[in-house]
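Visitor: Hi, I'd like to talk through this structure with you. Could you show it to me?
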Amino acid sequence: TDTLEKRRWTRYKWMAFCKIAEQGSTIEKEIAAKIRGVSRYGMEIVHEGTALEKSAGVVITIDLVNSIFRKKATVAWSRSLSGYEAVAGLEFTEPIPLSQVVTLS
């Protein structure tokens, strides 16, 4: 079966760039990432570097044409794709309205 059918929430395909800032560490670092999909409850990203720590808090920032989307999330899962790239599933701390998902996608 298709993996999209197994998902709990409808995920919309979307390619865009965003910044991820890890929270809680003494040095807050920002990493650039590409968004591969978004739903009301989270998004999947690909980023440079190693896998993010599971359950780590992050802040996602996306520069849109007329505004900036900023949302807190938790790392649900993350794994390395290679020595210099990783993929992660981020779960928003609060769901976003469907209208906002449509705006993003």
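Guide: Happy to, and one term first: a polar contact is a pair of N or O atoms within 3.5 Å, where, within protein, one must be able to donate a hydrogen and the other to accept it. Also, this is a predicted model.

Visitor: Good. Which side chain does the side chain of E44 make a polar contact with?
Guide: That of R36, at 2.5 Å.

Visitor: And where does E44 lie, and is E44 buried or exposed?
Guide: E44 lies in strand 3. E44 is buried, because its relative accessible area is 13% and the cut-off for buried is under 20%.

Visitor: How do strand 2 and strand 3 pair?
Guide: They run in the antiparallel sense, over 5 bridges. A hairpin through 3 residues joins strand 2 to strand 3. K34 stands opposite V46 of strand 3.

Visitor: Switching topic, what's the overall pattern along the chain?
Guide: Along the sequence you read α-β-β-β-β-β-β-α, which comes to 2 helices and 6 strands.

Visitor: What about the largest nonpolar core, how many residues does it have?
Guide: It has 21 residues, and C18, I20, M43, I45, I60 and L90 have the most contacts inside it. Strands 1, 2, 3, 4, 5 and 6 each supply at least two residues of this core.

Visitor: Which strand gives the most to this core?
Guide: Strand 2, with 4 residues.

Visitor: Last one: what share of the chain's residues count as buried?
Guide: Of its 105 residues, 36%. The chain exposes about 6700 Å², and carbon and sulfur atoms supply 50% of that area.

Methods. Residues numbered from 1 in each chain as written. Predicted model: local features only at pLDDT ≥ 70, side-chain atom pairs only at ≥ 80, totals over all residues. Heavy atoms only, no water. Core = buried A, V, L, I, M, F, W, Y, C linked by side-chain atoms within 4.5 Å. Buried < 20%, exposed > 50% of the residue type's maximum accessible area, 1.4 Å probe, protein only. Pairing = 2+ DSSP bridges. Areas by Shrake-Rupley, 256 points an atom, 1.4 Å probe, with all protein chains shown as cover.
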